[in-house]
Amino acid sequence: MTNKEVVALVLQGGGALGAYQGGAFEALAAGGYCPQWFAGISIGAVNAAIICGNPPGQRVERLRAFWDRVTSGAALPFDPGGFLGPLFADASAKLAAAFGAPGFFRPRLPPPALSWPYPPTDLSLYDESPLRDTLLELVDFDRINAKEMRLSVGAVNVRTGNFQYFDNTTQNIGPDHILASAALPPGFPPIEIEGELYWDGGIVSNTPLQYILDACDQKDDLCVFQIDLFAARGPAPRTLLDVAQREKDIRFSSRTRLNTDLLKRAHKLRAAVKRLAAKLPEELRTDPDWLALDEIGDVAGITIVQLIHRRAAYETLAKDYEFSRATMEDHWNSGHADVTTTLASPQWRARQRPEEDVVIFDCTKDLDKPAS
């Protein structure tokens, strides 16, 4: 093969669950995989900015500093994996809801009245300015804008409802772009950028995979490590609380496995169109229908590695804002373990770059547990 392969890291949103991505990146870096392109939404954008905004030797250290800081507000008197785990997790989430998370967000006091008008950037239950200070301390935005690595973060335009990606190949990225991607209403306020207001990209789609596929150079092969924080698969609910949690998982999972299966089908059709070009009679080469098909362009080889956080027994509906140190450590270790398992798997070790095809690795899929 003469074409190069671009390695990309796709980071889904999921609040406190984002520590899983930190552990996953630590294992990827230890395994010798250094992505050239990072795409993130919400907490995925925060993690991506910390990685891109630091030299290689400090990336894991700065990620760890961030997660240690935001989980420093709740002490753990017992093992979250024990029978009291769900009770602790729920209490910890309530603490975060009442008092915020250090270096991340704090409640607005007094809270805004429901029917009283406010400036748009004050319309939220929490103040996200602590996260701005944390980003300015832990992220070198000059390094991001030097374009050593590509960074793309997704947000939603409040006025139009359209998705918007901020990409350091086309514009300078600052803390406001990261805050915009993480501004999930009504918890956090919209962020104003160049006269427009933006909310969390997860409102439209919580997974930035499609942006990478649309924006990549089709002449280059692509290897995407997709690290998701919500699993589409899960047990059938047995209580109303289970219903709410299951609905959240499905909504924010963005149907990762379904979308990659559809991608594979579409890619095969594109490859078929490209092969057809060599067989086409000369008189049809100027036919408008053929020209429309021919615009599809080159077809590169795409590898997608799926890594999906799985619900732990102690997790509750509030798992995305449960900022305790013990659960952070558990999420971090789970991400590290899943990447380590994937890189050591026979399927991955036997991997060959695909030619004009899509290959999907789901090496931890067998860890999915049926309902008990």
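Predicted model: local features only at pLDDT ≥ 70, side-chain atom pairs only at ≥ 80, totals over all residues.
Colleague: What makes the span of H4 close to the expected one?

Modeller: Helix H4, residues 85-99, has 15 residues and reaches 21 Å from its first C-alpha to its last. At 1.5 Å a residue, 21 Å is expected, so the span is close to that value.

Colleague: Which residues of H4 are buried?

Modeller: Gly 85, Phe 88, Ala 89, Ser 92, Ala 93 and Ala 96 are buried in H4. They cover an arc of only 135° around the axis, which puts them on the same side of the helix.

Colleague: What is exposed on the other side of H4?

Modeller: Leu 87 and Lys 94 are exposed there. Exposed takes a relative accessible area over 50%, and buried one under 20%.

Colleague: What do the buried residues of H4 pack against?

Modeller: They pack against strand S4, residues 126-127. After H4 comes Gly 100, with a positive phi near 90°.

Colleague: Why are H3 and H5 called roughly antiparallel?

Modeller: Helix H3 (residues 59-70) and helix H5 (residues 129-138) pack at an angle of about 155°. Angles over 145 degrees count as roughly antiparallel, and H3 and H5 are therefore roughly antiparallel to each other. Their axes are 11 Å apart, and the crossing is right-handed.

Colleague: Which residues of H3 and H5 meet?

Modeller: From H3, Arg 62, Ala 65, Phe 66 and Arg 69 meet Leu 131, Thr 134, Glu 137 and Leu 138 of H5.

Notes:
Residues numbered from 1 in each chain as written. Heavy atoms only, no water. Helix = DSSP H or I, 4+ residues; strand = E, 2+ residues; numbered from the N terminus. Buried < 20%, exposed > 50% of the residue type's maximum accessible area, 1.4 Å probe, protein only. Arc of directions from axis to C-beta. Contact = heavy atoms within 4.5 Å. Axes fitted to C-alpha atoms, helices over the stretch in contact; angles between N-to-C directions. Parallel < 35°, antiparallel > 145°, perpendicular 65-115°, else oblique. Left-handed = near helix turned anticlockwise from the far one by under 90°.
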